[in-house]
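Here are my notes on this one, in the order I worked through it. Have the viewer open as you read.

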Amino acid sequence: MCGVFGIYGHEEAANLTYLGLHALQHRGQESGGIVTSDGQRLRSHRSMGLVADTFTQPVLEQLPGTLAIGHVRYSTAGGSHLKNAQPLQVSFVGGQLAVAHNGNFVDAEATRRGLEADGAIFQSDSDTENIIHHIARSKAPTLEAKVIEALRRTSGAFSVLFLSDTQLIGARDPIGFRPLVLGRLKEAYVLASETPALDLIEAEFIREIEPGELVVIDANGLRSSFPFEKAPPGRCVFELVYFARPDSQLFGTSVFQVRKKLGAQLASEQPVEADVVIAVPDSGVPAAIGYAEAAKLPYDVGLIRSHYVGRTFIEPQQSIRHFGVKLKLAPVRSTLEGKRVVVVDDSIVRGTTSRKIVKMLKDAGAREVHLRISSPPTSWPCYYGIDTPSRKELIAASHTVDEIARYVTADSLAYLSVQGLVTAAGDASGRSFCAACFTGKYPTPLVTA
Ligand code: AMP
């Protein structure tokens, strides 16, 4: 997962990109970067760490220009190193170019081996660099045509931005896995992963970039085309379940409202006798509110979240992740003591978080703990940009719900059904979503190394 932001035609391009990245920080916390253009030269700053720590005033002052793109990253392909921080920036025969990519190419390894065999020298281990090599080798006459040619050669997920000295280009793969939105701030155009980035800088949300759409923004304004082979849509349903910010307008809907509906649906599918409904903050909050409303049970705060640690999962090392739950969450005894508690979370991946949370709630006096998950069992890895690389790490891939309940020591455990998920997410047929992490039905062939 990653977040991207781009702006064309604003005197404060770097400052606004900084703010935009701030609003997208939930999509990646390992590294951040901004590249600007003053019409002649590209300048960049990339660093490990959080946007607020990286982009100080002196750094931003070194990034002049009215065009910019930025990126926040957490690694799904390639390690957590500065060399993989984006935007990637290069000089090639067509001039200077920077790229910021959200998504994953399923054919990245094979493509890279082919390029290397052909003499290409790679500077990172990120799959994004493949596109740059394809662009540099393209004989097409314009940057736009080179970008199209390069993207046509990839397979998988991309919501991607390109910056040259005079152009901002944005593209979304034909399946539309990852989001990308278009906004306007007076005369300037803005592209961003999610609408909260527009809200923060007070830009107007115009529309989503459509699956398969490419937009070129330059001195002639904005032009849109659909240059990629058409494919059935497959928007990532996990963005709605967990990844996107709850205040996002995503895939034509409000993420917060969808999450409440997921909770309400879960209550109707998986009711339980209880005294109180609590959430695992922050990600479980909207679904817990929806569950409580539908179940006609009181909603209360049973866990407090520290805002000084990142998302547990985002820390790449198991040792840190393990410790992280306690660092992040603390129980509220007065809500829990002697109660039969329904605790709602959005997903179980490895099961470590849930196990610790159930123990924490029981140690704080909860009489019963009923865990309810506002998505189906996560049984299949994502190859399109969510960090769930191997099947053996997914507890639901090799355990039944009863076995998981015993492992997490809950008095009961229940998940939302796939049908309930896609219905609450707004498409009962499920056909417009990629739900491969729950169903194993991948919308593209998988070329795994
Ligand atoms: P686990 O301990 O591995 O079961 O982690 C489950 C927790 O991680 C849940 O509370 C989710 O909110 C969160 N989560 C699920 N998927 C992801 C992901 N891909 N990246 C970061 N956090 C996640």
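How are H4 and H5 oriented to each other? They come out oblique, the class left over once angles under 35 degrees (roughly parallel), over 145 (roughly antiparallel) and 65 to 115 (roughly perpendicular) are taken out.

Some housekeeping before the points: this is a predicted model, where local features need pLDDT of at least 70 and side-chain atom pairs count only at pLDDT 80 or more, while totals for chains, interfaces and linings use all residues. Residues are numbered from 1 along each chain as its sequence is written, and side-chain values use heavy atoms, leaving out hydrogens and water.

1. **H4 against H5.** Helix H4 covers residues 108-117 and helix H5 residues 129-137; their axes come within 10 Å and cross at roughly 45°. Helices here are DSSP runs of H or I with at least four residues, strands are E runs of at least two, and both are numbered from the N terminus. Axes are lines fitted to C-alpha atoms (for helices, over the stretch in contact), with angles from 0 to 180 degrees between N-to-C directions. The crossing of H4 and H5 is left-handed, meaning the near helix is turned anticlockwise from the far one by less than a right angle; clockwise would be right-handed.

2. **Who touches whom there.** On the H4 side you'll find Ala 108, Thr 111, Arg 112 and Leu 115, meeting Asn 130, His 133, His 134 and Arg 137 of H5. Contact means heavy atoms within 4.5 Å. By type, the H4-H5 contact has 2 nonpolar, 4 polar and 2 charged residues. In that count Ala, Val, Leu, Ile, Met, Phe, Trp, Tyr, Cys and Pro are nonpolar, Asp, Glu, Lys and Arg are charged, and the others, Gly among them, are polar.

3. **H5 against H6.** The axes of H5 and helix H6 (residues 143-152) come within 8 Å and cross at roughly 130°. That again makes the pair oblique, but H5 passes H6 in a right-handed crossing. H5 brings Ile 131, His 134 and Ile 135 to the contact, and H6 brings Leu 143, Lys 146, Val 147, Ala 150 and Leu 151. This contact divides into 6 nonpolar, 1 polar and 1 charged residue. Note that His 134 is also listed in the contact with H4.

4. Look for an open sheet of 6 strands in the order E5-E6-E7-E8-E12-E13, with antiparallel pairing; two strands pair if DSSP finds at least two bridges between them. Strand E5 (88-92) and strand E13 (221-225) are the edges, each pairing on one side only. Neighbouring strands in this sheet are turned by 20° against each other on average, direction ignored. H5 lies across E5, strand E6 (95-102) and E7, and runs at about 15° to E5.

5. **Pairings inside it.** E5 and E6 form a hairpin with 2 residues between them and pair over 5 bridges, with Leu 88 opposite Val 99 in E6. Strand E7 (residues 159-163) and strand E8 (residues 168-172) are antiparallel over 5 bridges, and Leu 161 has Gly 170 of E8 as its bridge partner.

6. **The 7-strand sheet.** There is also an open sheet of 7 strands, ordered E3-E2-E4-E1-E10-E9-E11 and antiparallel in its pairing. Its edges are strand E3 (42-48) and strand E11 (204-208). Strand E1 (residues 2-8) pairs with strand E4 (residues 67-73) over 7 bridges, and Tyr 8 has Leu 67 as its partner in E4. Helix H1 (residues 13-23) lies across E1, strand E2 (31-37), E4 and strand E9 (181-185), running at about 25° to E4.

7. Most residues other than glycine have a negative phi, and most peptide bonds are trans. The bond from Gln 86 to Pro 87 is cis, with omega near 0°, and Pro 87 sits in the loop between E4 and E5. Another cis bond joins Pro 281 and Asp 282, at an omega of about -10°. Lys 186 has a positive phi of about 50°, in the loop between E9 and strand E10 (188-192).
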